Amino acid sequence: MKIWRYGDNVNTDMLFPGKYTYSCSTADEIIPHLLEDLDSSFSKDVKKGDIIIAGKNFGCGSSREQPVIGLKAVGIKAIIAESFARIFYRASINQGLVLIESPDFVKAFSGNDSIELNLIKGIIKINKKNFSFPKLPKEITEIQNSGGLLEYTRIKLKKKNK
Amino acid sequence: MEMTFAEKILAKYSDEKNIVPNKIVNVTPDHLLTHDNTAAIIQKIQNELDKYGIYSNKMPIIVLDHVIPAATEKTALNHKKIREFVKEFKIKNFFDVGFGICHQIVIEKGFALPGKLILGSDSHTCSYGAVGTFSTGIDRTEAASLLLSGETWLKVPNSIKINLKNKLQKGVYAKDTILKIIGDISASGANYCSIEFHGDVNELTIDDRFTITNMGVEMGAKNSVFLVDDVTIGYLNSIGISKSNYDITYADKQALYIKEFDYDLSHIEPMIACPHSVDNVKPVDEIEGLEIQQCFIGTCTNGRISDLKIAAEILNGKKISKNVRLIILPASIDIYENALNLGIIKTLVKSGAIILPPGCGPCLGAHQGVLAPGEKCISTANRNFKGRMGCKDAEIYLASPATVAISAIKGKITNPKEVLL
Ligand code: SF4
């Protein structure tokens, strides 16, 4: 598992350049351009199970769900940041990409530490130290448990139209 | 309990009495805005659309503005699919290529009204607080779900109060004001929050307020709002909407804010956001003299008639520097026509400007004025992110239309106060 480390205010243009927004919408089209203007090695070297650790306001800028779809498709296990921008946060809930907001963890992480992530218990471990992160409200876990927002809406529509 | 603007609106739309920050509520917005991304949105739900249809044909507002006229076969095909969708589902509010930028249309056509709730699959949907609407951006998947079901969840935000006092000096504009505020608060300083502007706002026109609320998202805000006053009511009257058509929502006097900021408008100087983040803000004076190659006046932030007027006043009888290109886009066809009638377009063209059709143009880097490596552009847009104008090795500086116009004449970044005083 590799840890990809980035700073504050990583915006949606860095995650997926705006010039491609109307030519790429499927995961296959998106993946080669992921983080293109931020880190040219990312899309080549990223592996399933990798984690991104970043600073404040990750995902700020445009409403752009391609990076979320792309990061989920390449198998990013979680993005851990000091904070996230709100549209990116919602988009991640909608696609089932795991985001963890933990400023304490990000500040304590030195870069070389080995980390363990337990999503069920809501704990990240650096060396032996535990950092817990809060569970999401039940309205949101319901969406995630359905497999994302569209699945959730499909189930609702089916029930309603019975 | 005394409530903020956001709390009151969300209480009204969710029918919940006990509204406190962080509570999650279900709402049905009055409108859902989508643009060129409508093609990608409907692609996600083709089966469901066939089976269940859409929730309402009055809720969506669809505006083609981002890459217009189509730049490639792919964008042309997207536009075509959107037109077919509009026809099939009898979408009431559709604005094809050439009408203007989506946010301008929503306000100009009177969809955004005081006390209403609008969601849009575009981050600058937060603009409609200019007329007292609660509005915010969502993603494509959520827009797809809203098309089908008509409802979604929102978290009740904390609110920030910004008190403005006194008047702006000559040569200083709404754009300088919001840049100054974002520079102070930072790109994440208002994350998840609702921003309310209070105080001496009477001198700020709806155009000014639009510029300010448009950039709320650049400090992370969920929404940004000017509470309704005579200026709002007067503006709505001017577009043919009388008071009986809307229900104004005010914040309560004793509402709780997590932060308050005070700004004396008379102390603000022309400001500029330097590469590559919107909160990297400096007084124009600090980087005066920097050579630029492209100048851009337009976008949902500053492509209105008042902006074009300011540019024309400065460019009147002058030529732009031979070392720069000046690109100008009116934000809508109505603004374009108005500018034509007032002789503004003639002045701009004579000075050497290139007028592009009403739309987003070079703002998102897809076409019409992409930058080359090493080039610098001074723009009236709202974002200067690396790569935003199509090239990651170019630089974007954000400023007011006056600063951009005078800089186009000099070929380098220049403080407009020097010519306007
Ligand atoms: S003008 Fe620019 S910021 Fe405004 S909607 Fe168009 S692309 Fe977005």
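Tutor: The side chains of B:Lys44 and A:Glu65 form a salt bridge, with N and O 2.4 Å apart. The model is predicted, with local features needing pLDDT of at least 70 and side-chain atom pairs counting only at pLDDT 80 or more, while totals for chains, interfaces and linings use all residues. Side-chain values use heavy atoms, without hydrogens and water, residues are numbered from 1 along each chain as its sequence is written, and chains are lettered from A in the order in which they are written.

Student: Why is the pair B:Lys44 and A:Glu65 called a salt bridge?

Tutor: The term requires a side-chain nitrogen of Lys or Arg within 4 Å of a carboxyl oxygen of Asp or Glu. The N to O value for B:Lys44 and A:Glu65 is 2.4 Å, so the pair qualifies. Between chain A and chain B the count is six salt bridges.

Student: What makes up the side of chain A that touches chain B, by class?

Tutor: That side has 15 nonpolar, 16 polar and 14 charged residues. Ala, Val, Leu, Ile, Met, Phe, Trp, Tyr, Cys and Pro count as nonpolar, Asp, Glu, Lys and Arg as charged, and the others, Gly among them, as polar.

Student: How many residues of chain A and of chain B are in contact, and what area is buried?

Tutor: Contact means heavy atoms within 4.5 Å, and 45 residues of chain A meet that test with 50 residues of chain B. About 4,000 Å² is buried between the two chains, 53% of it from carbon and sulfur atoms. Buried area is the accessible area (1.4 Å probe) that two parts lose on being put together, summed over both. A:Tyr22, A:Arg86 and A:Arg90 supply 22% of the area that chain A buries against chain B, more than any other three residues.

Student: Why is chain B called as compact as a globular protein of its length?

Tutor: The radius of gyration is taken over C-alpha atoms, and the globule rule is 2.2 Å times the number of residues to the power 0.38. For 421 residues the rule gives 22 Å and chain B has 21 Å, which is close, so the description holds.

Student: Which side chains of chain B meet in a salt bridge at 3.6 Å?

Tutor: B:Lys109 and B:Asp334 do, N to O. One salt bridge is found across the interface of domain 1 and domain 3 of chain B. Domain 1 is 24-154 and domain 3 is 272-415, with bounds from an automatic or database domain assignment.
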